[in-house]
Amino acid sequence: MSDIYLIFKNLTRKPLRLFLTCFAIMVAFLIFGVVTTLKDALNSGIELSADNRLVVVNSINFTQPLPYAYVNKVKAIEGVKDVVHMNWFGGYYQEPANQLVTMAVDPENYLKVYEEVVLSDAERDSWFRNQRGMLIGRAIADAYGWKVGDIIPMSSNIFSNREGGHTWEMEVSGIFDGRDEQFGTNFAVFHYKYFMETQTFGGDWVGWLTLTTDDPALNEQVAKTIDEEFANSEAQTDTSTEKAFNKAFIEQIGNIGLMIFGIVFTAFFTILLVVGNTMILAVRERTGEIATLKTLGFTAKRIFTMILAESMLLAFIGGLAGLGLAYMIVEGAKAFLAQFLPGLVLSDTVALQAVGFMALLGLVTGLVPAINAYKLNIVTAFSRR
Amino acid sequence: MTDNILFDLKGVHKSFTRGKETIKIFDGLDMQIKKGDFLAIMGPSGSGKTTLLNMLGGVDQPTSGEVLFDGSRVDTLSEGQLSKWRANNIGFIFQFYNLMPMLSAARNVELPLLLTNLSKKDRKNSVETALKLVELADRASHLPKEMSGGQQQRVAIARAIVSDPKLLLCDEPTGDLDRHTADEILEMLQLLNEKFGKTIVMVTHDPSAAKYAKRTLHLDKGEFVEKDLAA
Amino acid sequence: MGSIFSQISAVVAMNIRSLPQRFWMSLAMVIASAVVVAILLAFLAMAKGFSATLDSAGSENVAIFTREGSAAELNSVISRDQVNIIETAPGVVKDENGPVISPELYVIVDGIKKSSQTEANIPLRGIDERGFAMRKNVQITDGRMFTPGTNEMIVGAGILREFDGFALGEEVRFGKVIWKVVGVFSTGGNVFESELWADVKVLQSLYNRGSSYQTARVQMSSPNDLEAVRKFVADDPRLNLDVETEEAYFKAQGKQLSYMAYFGWIISSIMALGALAGALNTMYTSVAERAREIATLRAIGFSSLSAFVGTIVEALVLAAIGGAFGSIVAFLLFDGLNASTLGGSFTQVVFSFEMTGDLFIQGGIIALMIGFLSGFFPAFRAARLPVIVAFRNAA
């Protein structure tokens with residue numbers, strides 16, 4: 001027998017209470033794990049954005065177009081490495097409800113700017129050659145069961161085809177993966193040229209530009225040069241880093257961070273209350289036993305440590321169960337949600353944070369009863385009965 | 001003062017405050033306990049007998065005066081030193097046994113050994129010896145709630161002697177037991193005193209329990225009213 | 001012994017009077033259920049406020065035409081020719097100036113959100129006098145209507161509330177063009193207040209739209225006319241358009257935040273499980289601490305039913321107090337709270353959290369569920385307590 005055995009016996013003396021308390025803790029960490037992972041997935045665009053990537057949009061709003069001529073003008077600016085222009089297609093498959101993020105791009109430059117889009121050389125070359133070819137992400141391929149070589153009717157909720165209707169036939173040239181697990185593969189890209197030649201609006205315009213700089217240190221200078229270059233043109237530009245652009249976009253949805261914080265905070269607060277009270281009660285019920293241990297010669301410090309260890313153990317049993325459950329739920333939902341909310345991964349950071357909170361929870365809930373036990377006077381404890 | 005004296009109390013004062021009142025329990029108490037003694041302390045409630053026992057056991061401190069154990073002061077020890085001193089020298093036996101309800105008899109007996117550096121094997125041997133002595137070897141794996149009051153008190157005695165302390169302090173050890181069981185327990189204490197040389201101090205209000213002791217002191221209002229000549 | 005009811009009320013009164021002895025445990029249960037209710041109400045009020053903002057915007061007597069499959073005004077395109085054909089549709093109300101129709105443009109511009117100081121999408125709607133008059137409850141609350149043919153605009157009350165730089169008299173720059181804010185309008189709190197309105201013809205030229213529009217609205221005399229309009233569109237191959245009542249169009253968009261209500265229910269239900277675990281602890285402790293009292297009552301002839309009911313009522317009272325407390329806190333914190341989020345047309349919808357009576361009922365239900373479940377099992381234990389406990393020692 002050792003102190004650990006004593007701690008374990010104390011913890012398990014009321015199995016129902018132990019179960020209920022662990023369950024409450026599990027719930028808190030389940031919420032923490034899942035909700036924080038959701039937030040991370042929403043923010044993955046910010047986290048994964050490349051340091052040296054800039055986005056050039058129309059200064060009125062990013063939904064307003066830019067003249068095609070800007071592509072080469074931007075390319076000529078010092079410090080710019082590669083530039084790709086992109087157009088929002090407003091894609092859907094068969095029903096307007098089945099929206100697919102689809103963009104018309106300049107293929108070669110696209111793959112230069114977005115190095116995290118990974119596909120085989122053969123698929124890449126076949127896409128370059130096939131003007132009706134498109135690349136689809138793994139998430140889309142999985143969701144719709146599309147394979148390389150399939151001919152897919154892609155519809156647009158904005159544009160019309162010169163041949164009539166809103167649908168374009170495209171061939172799946174390749175299926176790409178992300179270099180990073182968190183990288184969302186829930187989109188498709190196809191040839192800008194094909195798009196421009198077949199849609200009814202006509203014109204020489206692009207949606208926006210994405211470029212890479214030679215060095216992240218040049219970002220600010222390059223952005224300034226671009227915006228100054230077009231300051232007196234018909235369409236003024238607004239150039240920002242990809243990170244800032246993505247961040248501003250997420251913030252359009254609302255203050256998600258505050259909401260997540262609110263949920264997690266209240267969940268922890270509630271559980272803290274429940275567990276803290278239970279620990280105080282559990283230790284108070286043992287007043288006589290603690291006095292006996294002290295009489296036998298157990299030091300106050302040793303008893304203090306034992307109670308703190310007990311609350312720590314409680315927090316970790318419940319907490320790890322909750323974290324494990326959160327992991328299983330995230331893994332289970334990952335495939336299902338890949339199309340709408342890519343990048344759903346319970347990261348090491350979240351797990352580490354959770355472990356930190358477990359330690360904190362154990363410390364906070366154990367501290368008061370541990371101090372009570374530390375200070376417990378043998379004489380008064382016995383005379384109270 | 002000879003080596004024969006285990007406890008020596010000199011001019012012990014003890015008072016405590018309850019609300020605005022200060023209650024004096026001892027006002028200059030002198031007392032000596034010899035090694036190998038079996039002393040019963042009797043007295044009405046409020047006479048200070050439990051407080052005296054607590055001071056002997058180092059769980060309570062005198063307001064002033066000296067308490068010497070084996071020639072050295074214990075009233076000046078710190079809380080932590082006292083814990084260690086209790087673990088090494090004193091075995092306690094309580095009225096309500098005070099066993100840990102979630103531990104088996106053997107583990108209850110083993111508790112004080114957690115405070116020693118004994119090896120696992122030595123601890124096991126000591127526990128077995130102690131349980132055998134109180135005739136409960138066959139109940140080693142039982143929980144307290146599975147045992148009668150008398151059996152529980154025997155487990156408590158085994159716990160008190162397992163680390164081989166010099167002194168056993170018993171607070172109404174038979175207070176919760178029927179006559180027959182009480183006699184068994186008292187015989188056991190007598191055995192420990194006579195055969196194993198344990199010094200025993202027992203607080204009781206039961207005169208027939210006190211008969212088992214070598215001598216009896218009557219405490220009233222903090223003073224011994226009828227001193228034994230042997231003292 | 002009196003009737004079963006007087007027994008029960010005696011036990012209930014006794015339990016509730018003894019609550020202060022278990023103050024901290026009971027308080028934990030009250031607060032846990034309060035938190036669950038408050039969280040649920042916050043999400044429900046958010047979804048409610050959002051859908052109310054959109055639901056109330058559409059008129060059932062207005063039909064809205066969009067390009068088929070475009071799903072939102074932003075994506076839609078309608079040509080001048082198509083507008084001309086729509087004018088001849090049956091069911092379109094006519095007045096002295098001809099058919100009551102409003103062809104409109106819908107472009108997105110940037111505004112700075114007050115709360116985050118970041119750029120966010122705001123719709124700039126091109127409209128004319130007819131379109132203005134077609135909106136329900138519309139009125140200029142400050143300043144005046146824009147003058148057609150000029151770079152003047154009027155701003156919705158919601159924009160004024162949530163965005164910087166649109167105060168009356170201010171000049172606003174979108175790209176190279178400078179606009180002047182000449183008026184503030186209100187539409188009774190609905191989604192149109194999250195928009196900027198300017199002359200449609202001016203927008204057409206500034207945004208290179210030629211003579212094309214994005215949507216068209218027509219006035220009908222009754223919602224029943226929609227069928228005739230729909231048939232007219234289906235029969236004309238030049239009209240590859242979707243048509244529905246404006247009310248239905250916005251109702252569909254209002255559902256967009258209903259996932260928030262589901263999310264709220266899921267989160268608060270999971271939290272409720274945690275709170276329930278805590279509440280069960282509280283109630284089992286309560287029964288354990290009152291074991292002697294309960295057994296004593298049973299010994300003098302109280303029924304086990306009274307012990308059962310007494311425990312359940314204690315749990316219900318605690319949870320109900322928590323529920324009421326949580327509702328009050330949620331109401332104070334969230335009712336009327338202004339927020340804005342990205343709506344279906346890819347633009348900010350400014351809305352207020354709305355706490356209505358039916359939400360409080362939902363909050364009450366979840367609180368009482370916690371109370372009932374946390375009382376039920378401990379109540380069984382109370383009812384089954386052996387009477388002998390009353391005669392046992394305190395030890």
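Colleague: Of the 242 residues in the largest nonpolar core, which touch the most other members?
Modeller: The model is a predicted one. Its largest nonpolar core holds 242 residues. Those touching the most other members are Ile31(A), Val36(C) and Leu41(C).

Colleague: Which helix gives the largest share of this core?
Modeller: The largest share is 22 residues, and they come from chain C. The helix spans residues 23–55 of that chain and is H2.

Colleague: Which residues does Val36(C) touch, not counting residues up to four places away in sequence?
Modeller: Contact here takes C-beta atoms within 7 Å. With neighbours up to four places away in sequence left out, Val36(C) touches Ser268(C), Met271(C), Ala272(C), Ala275(C), Gly326(C), Ile366(C) and Ile370(C).

Colleague: What is the order of the six strands in the open sheet of chain B?
Modeller: The pairing in this sheet is mixed. Its edge strands, each pairing on one side only, are E6 (90–93) and E10 (223–224) of chain B. Read across the sheet, the order is E6-E7-E8-E3-E9-E10.

Colleague: Which residue stands opposite Ile93(B) in E7(B)?
Modeller: E6(B) runs parallel to E7 of chain B, residues 167–171, and four bridges join the two. Opposite Ile93(B), E7(B) places Cys170(B).

Colleague: At about what angle to E6(B) does helix H5 of chain B run?
Modeller: Helix H5 covers residues 149–161 of chain B and lies across E6 and E7 of that chain. Another helix, H1 (residues 49–56) of chain B, lies across E3, E7, E8 and E9 of chain B and runs at about 150° to E8(B). For H5 against E6(B), the angle is about 170°.

How values were computed:
Residues numbered from 1 in each chain as written. Chains lettered and ligands numbered in written order. Predicted model: local features only at pLDDT ≥ 70, side-chain atom pairs only at ≥ 80, totals over all residues. Core = buried A, V, L, I, M, F, W, Y, C linked by C-beta atoms within 7 Å. Buried ≥ 20, exposed ≤ 12 C-beta atoms within 10 Å, placed from the backbone. Contact = placed C-beta atoms within 7 Å. Pairing = 2+ DSSP bridges. Axes fitted to C-alpha atoms, helices over the stretch in contact; angles between N-to-C directions.
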